[in-house]
Amino acid sequence: MSKKIQRRTFIEFLGKGTLGAAFIPPILNYQGGRNQLSSSFTASKIKGVKPSAADNLRLAKGLKYEVIIKWGDPINKEDTFGFNNDYTAFLPLDPSNPNDGLLWVNHEYVDPVFVSDHIPGTERTLEQVKKEQYAVGGSFIRIQKNKKGKWKLVQNDPLNRRVTGLTEIPFNWPEPIAGKNSGIGTLANCSGGVTPWGTILTCEENYDQFYGERNYKTGELIISRYDIGWTKFLDHPPEHYGWVVEVDPQTGEAQKHIALGRCAHECATVKELEDGRIVVYTGDDSINQCLYKFISSKPGSLSEGTLYVANLGLGKWIPLDRDQSEVLNKLFKDQTEVMIRLRQAARYVGGTPLDRPEDIDIDPLNGNVLVTLTNNIPKGNYFGSILKIEEDNGDHASLTFKSDTYLAGGEETGFACPDNMAFDNAGNLWFTSDMSGSLMYKEPYESFKNNGLFLVPRNGEQAGEVIQVASAPIGAELTGPFFAPDGETLFLSVQHPGEGSPSKEQLTSTWPDGIGNIPKPSVVAIQGELLKEIQSARE
Ligand code: FEO
Ligand code: CA
Ligand code: CA
């Protein structure tokens, strides 16, 4: 589906024509591939895919995919690839070689029907829970593109490793968190980010489904209505989850960054300032929750600095710092409590409730910050939108900004519920949709059919159109789009195909292995002429 809605607005919004200005990131200077920005090639018209209810990964003409890895595949002698892959990030081992590197993949949650052979409605065993704990967290896998252009896992590479729901992880904070200096496991790992020093940030999103949440008035544990059943066996404090976790690809060491606050973090999008200080944007993906920005006080730090919440009405970033806020000083006993109860603190200082802020990306050509707002069904916002934040003076350390909705979901634009985004090397915007499984195929989502991947070209005659370029298998969501440095591969997760299958005998999807097989969350590599053409297109 392809619509020319808001084309003029989109072009203005993107700041078309700013190529060559100060915001060109190093990645655009990559000289090893064939997508040189000096090309005068104009892409032929892109034909999108129609919304589809088929059980396959359907791609637009000019794109093809291969599966790199599936849930359960061995990555070395001890470890296997986790379940429900979400965020991906490709880190080349040698910056001059885009065909060899480490792929980090988040594992968000489990479907017990597949992971632990749990039969819904029956009692779980601790053994089953342990299998499920192992299946969340993240994976590093070394992959290489061979001479035939296929991406292959390097089995048993020393850098292949898992971080799981069983890994002990220290807190990076001067005070203990719920009495401890470390917690057991990372979980709910949704989207993430990459630091300038080459580590991964993986974000703990819907943590309350695993070990619950605290009622801070009574101190009691609140069990989530989506609780998966671990709280009957384990009583890890909920305060140990809901953080941004940094993982070092060389050592596998992880740490939870308390200074970035505790909430249902979707992602952590990092920008390094000219003086080396770090800015991190992160959204709290829940209805009527807020958008945050951390600004470090020292170069290269994710622990020393100030966390701010966005007030869109005032166009201000408001500090969540007890020393700068009378109300926080009065209501919270220390800064540790502010970080743990971030949602309440944000509300007290005037953070703007948003319609599920999910992924955040920075436009590489003009520095605008895009935030997907997936939906807010209780408020009647079914289709979501993409928000633009324009920092004053284009400065990511600015405490004032302008904001605007630039692209709204709906039948007119052909997409609903935007989630993860990625810009390619030419500044074209790619994003995925996340209509929840329980609502898919029903009004008002019926016409959109399966979830998809969408492209908004920046240049050429289709600039500003929303073009669906992929349709997911049944029940699945496409997540974690991430481009290889040469722009020739788009890594993409296919998460939860067949979700909602009542049992292994009654499957709603058999992707990727086909009839007679259970569905498996998998990571694919998308390549093809369309990727090359779209990144070479000029008007
Ligand atoms: Fe895990 Fe907000 O998506
Ligand atoms: Ca997401
Ligand atoms: Ca989502």
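Predicted model: local features only at pLDDT ≥ 70, side-chain atom pairs only at ≥ 80, totals over all residues.

**A strand and its surroundings**

Guide: L492 stands opposite V524 in strand β34. β34 covers residues 522–527, and five bridges join it to β33 in an antiparallel arrangement.

β33 also pairs with strand β32, residues 477–483. Here too the strands run antiparallel, with five bridges between them. Within this pairing, T479 is the residue opposite S493 of β33. β32 and β33 form a hairpin with six residues between the strands. In that hairpin G487 has a positive phi, near 75 degrees.

Next, burial. Strand β33 consists of residues 490–495, and because six of the six are buried, the strand is largely enclosed by the rest of the structure. The cut-off for buried is under 20% relative accessible area. Cover is found on both faces of β33. On one side the buried residues are L490, L492 and V494; on the other they are F491, S493 and Q495.

Moving to another part of the chain, six strands make up an open sheet of mixed pairing, ordered β10-β9-β16-β15-β12-β11. At its edges are β10 (182–184) and β11 (189–194), each of which pairs on one side only. From one strand to the next, the twist averages 30 degrees. Inside the order, β9 (residues 168–172) pairs with β16 in the parallel sense, over two bridges. F171 has K256 as its bridge partner in β16.

E266 sits in the loop between β16 (254–257) and β17 (269–272), while E358 is in strand β24 (residues 357–362); the two are 92 residues apart, and the pair links distant parts of the chain. Both E266 and E358 are buried. A further calcium ion (ligand 3) is 3.2 Å from the calcium ion (ligand 2), and E358 coordinates both.

Conventions:
Residues numbered from 1 in each chain as written. Chains lettered and ligands numbered in written order. Heavy atoms only, no water. Donors = N, O, S within 2.8 Å, 3.2 Å for Na, K, Ca; no water. Helix = DSSP H or I, 4+ residues; strand = E, 2+ residues; numbered from the N terminus. Buried < 20%, exposed > 50% of the residue type's maximum accessible area, 1.4 Å probe, protein only. Pairing = 2+ DSSP bridges. Axes fitted to C-alpha atoms, helices over the stretch in contact; angles between N-to-C directions.
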